[in-house]
Amino acid sequence: MKSYVVYRRVSTNEQGKSGLGLDAQDRDIRLYLESYSDQPFDVIEEFTEVASGSEDDRPELKRALDLARKHRAELLVAKLDRLSRKVSFIASLLEDRKVQLRVAAMPQADKFQLHIYAALAEQEREFISIRTKAALKEAKARGVKLGGARDKTLKRNQELQKRATERAQNIAGLILPLHESGKSLREIAAELNRAGVQTARGGNWQASQVKRTIDRLQR
């Protein structure tokens, strides 16, 4: 029987109290257990933590890891960034022979792929930060008054970019193997539709959407 220790994380006290973000993690974990896990399975224990993904010292994560090591269970998280946003931290866990890591949103990803995805995500976040600072500096040099509606628009655009990147990473474990095997964009779209994977707007995949997702993952 396959055994799991589930770990969930939200970034702020508000999220932890309201359940914002936890429902989505529960959904992804449930879908993985129902669709990809060996049957039957056993969830030994579940841990939930309210902490930043950039912090390494997280008591609940330590308890989850200790329990997973003790029972030789897989540590199951909904998304890779719920474990950590630091590639160095994720790499250290992937190198730990006593830790078996499973990411629900990337059910087929092995340790090498998870390491690559973590590195790409960290690189993307760094670039977004640099790009934002450069845009603000250029706007200030042109005499643009910062604040108010412009700041709100900038933040909204940043959030949209972040969500698009996170969604691309969530389905990378499905799209990239198909792409690397030589499947066409149209064939990949058909596979995603057959698997019941919806686009961000809840519709069916088209070849153009697959291309944009692959381009985003390869940046």
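Two strands are taken to pair if DSSP finds at least two bridges between them. Strands (E, at least two residues) and helices (H or I, at least four residues) are DSSP runs, numbered from the N terminus. The model is predicted, and local features need pLDDT of at least 70, side-chain atom pairs count only at pLDDT 80 or more, and totals for chains, interfaces and linings use all residues. Residues are numbered from 1 along each chain as its sequence is written, and side-chain values use heavy atoms, with hydrogens and water left out.

Strand 3 (residues 74-77) pairs with strand 4 (residues 100-103) in the parallel sense over four bridges. In this pairing, L76 stands opposite R102 of strand 4. Strand 3 also runs parallel to strand 1 (residues 2-10), to which three bridges join it; here V5 stands opposite L75. In a regular strand the side chains alternate between the two faces of the sheet. Both faces of strand 3 are covered, with E74 and L76 buried on one side and L75 and V77 buried on the other. Buried means under 20% relative accessible area, exposed over 50%, and partly exposed in between (1.4 Å probe, protein chains only).

Rings of Phe, Tyr and Trp (its six-membered ring) pair if their centres lie within 6.5 Å; planes under 30 degrees apart count as stacked, over 60 as edge-to-face and the rest as tilted. Three aromatic pairs are counted by this rule. Y4 and Y32 form an edge-to-face pair, at 6.1 Å centre to centre and 85 degrees between the planes. Because Y4 lies in strand 1 and Y32 in helix 2 (residues 22-35), this pair ties together parts that are 28 residues apart in sequence. Y4 is buried, with a relative accessible area of 0%, and Y32 is buried, at 5%. The pair of Y4 and F41 is edge-to-face, as the ring centres are 6.2 Å apart and the planes stand at 75 degrees. It links Y4 in strand 1 with F41 in strand 2 (residues 41-50), 37 residues apart. F41 is partly exposed, with a relative accessible area of 29%. Ring pairs link Y4, Y32, Y36 and F41 into a cluster.

Helix 9 (residues 185-194) and helix 10 (residues 207-217) pack at an angle of about 95 degrees, with their axes 8 Å apart. The two helices are therefore roughly perpendicular to each other, a term for angles of 65 to 115 degrees. Contact (heavy atoms within 4.5 Å) is made by L185, R186, I188, A189 and L192 of helix 9 and A207, V210, K211 and I214 of helix 10.

Notes. Axes are lines fitted to C-alpha atoms, for helices over the stretch in contact, and angles run from 0 to 180 degrees between N-to-C directions. Angles under 35 degrees count as roughly parallel, over 145 as roughly antiparallel, 65 to 115 as roughly perpendicular and the rest as oblique.
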